[in-house]
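Have the sequence and the coordinates open side by side.

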Amino acid sequence: MASMIQKIPLMVLLLTGFIWLSEGEACTKCTKCCPQYWMRVGEYCYQYFGNKMKFHDAENICNRFGGNLPSIRNEEESNTIYQLWKGFVDDSTIVFSAYWIGLRDTIQVNKYEWTDGTPVHYYNWYPAEPNSSDEDCVEVVNAGYNDDERQQWNDALCDQVRSFFCRKPLN
Ligand SMILES: [Ca+2]
Ligand SMILES: [Ca+2]
């Protein structure tokens, strides 16, 4: 927990425009690694943004770092991101909207696409979701009785504000 608290000022820095932290500078001593303060999982780097933003603002921030809101291609990837998120919140069992993922159907109703261009083969909707043609952006809803259920998705209004992760490939 202490290390988490120490990270918070860094995240605030990242959010307030110190974009220079993200590229290159931390990578002078290795061939393939993540920028400083990003978390490496497999072939990807993740950064958590606890300051809640609208979906498109969140995606734009990720683009500026050379990444996207994460696509979720299978159960394992879903769980990886959810477990990361649990590390940033005090009590993950309280039901509340958790974070944006990179899925939206803004171009055509019910034609969901990942912002990183990954083909959509995997869905993990919460029961009775998606339920609205006005709700075009997808969040992890964090409702249910166990980690698997809490990772399920809800279509939400894109102008709602949510926490989010950015993800980019190792470089
Ligand atoms: Ca919808
Ligand atoms: Ca919904």
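This is a predicted model: local features need pLDDT of at least 70, side-chain atom pairs count only at pLDDT 80 or more; totals for chains, interfaces and linings use all residues.

The expected span of a helix is 1.5 Å times one less than its number of residues. Helix H3 covers residues 75–86, which makes 12 residues.

Which residues of H3 are buried? They are Ser78, Ile81 and Trp85. Seen down the axis of H3, these buried residues fall within an arc of 75°, so they line one face of the helix. Glu75 and Glu76 are exposed on the other side of H3. The cover over the buried residues of H3 includes strand E3 (99–104) and strand E7 (162–169).

Now step back to the whole chain. The chain has four helices and seven strands. From the N terminus on, the order of elements is α-β-β-α-α-β-β-β-α-β-β. Of the 171 residues, 31% count as buried. Take the contacts in the chain with a separation of 6 or more: residues 24 or more positions apart account for 66% of them.

The strand pairings come next. Strand E1 (residues 39–41) and strand E2 (residues 44–53) run antiparallel, joined by three bridges. Arg40 has Cys45 in E2 as its bridge partner. E1 and E2 form a hairpin with two residues between the strands. In this hairpin, Gly42 takes a positive phi near 60°. E2 also pairs with E7: the two run antiparallel and are joined by seven bridges. Tyr44 stands opposite Pro169 in E7.

A further antiparallel pair is E5 and E6, which share four bridges. Here Cys137 has Ala156 in E6 as its bridge partner. In a regular strand the side chains alternate between the two faces of the sheet. E6 can be read with that in mind. Trp153 and Asp155 point one way from E6, while Asn154 and Ala156 point the other way. Are these residues of E6 buried or exposed? All of them are buried.

Ala156 is found in strand E6, which covers residues 153–156. Why does Ala156 count as buried? A residue is buried if 20 or more other C-beta atoms lie within 10 Å of its own. Ala156 has 22 other C-beta atoms within 10 Å, so it is buried. Leaving aside residues up to four places away in sequence, Ala156 touches Ser97, Glu135, Cys137 and Glu139. Ala156 and Phe55 are 101 residues apart in sequence. In space, C-alpha to C-alpha, Ala156 and Phe55 are 9.6 Å apart.

What about the nonpolar core? The largest nonpolar core has 26 residues. Ala58, Leu69, Tyr99, Trp100, Ile101 and Phe164 touch the most other members. Several elements contribute: E2, helix H2 (55–64), H3, E3, E5, E6 and E7 each supply at least two residues of this core. Follow the contacts of Ile101 as an example. Not counting residues up to four places away in sequence, Ile101 touches Leu69, Pro70, Ile72, Val138, Glu139 and Val140.

Pro130 is found in the loop between strand E4 (113–114) and strand E5 (137–140). The peptide bond from Glu129 to Pro130 is cis, with omega near -5°.

Two asparagines also stand out in the backbone. Asn110 sits in the loop between E3 and E4. Phi of Asn110 is near 70°, a positive value in a residue other than glycine. Asn142 lies in the loop between E5 and helix H4 (147–150). Asn142 has a positive phi of about 55°, although it is not a glycine.

Asn142 has 24 other C-beta atoms within 10 Å, so Asn142 is buried.

Technical notes:
Residues are numbered from 1 along each chain as its sequence is written. Chains are lettered from A and ligands numbered from 1 in the order in which they are written. A residue is buried if 20 or more other C-beta atoms lie within 10 Å of its own, exposed if 12 or fewer, and partly exposed in between; C-beta atoms are placed from the backbone. The arc is that of the directions from the helix axis to the C-beta atoms. Two residues are in contact if their C-beta atoms, placed from the backbone, lie within 7 Å. Two strands pair if DSSP finds at least two bridges between them. A nonpolar core is a set of buried Ala, Val, Leu, Ile, Met, Phe, Trp, Tyr and Cys residues joined through C-beta atoms within 7 Å.
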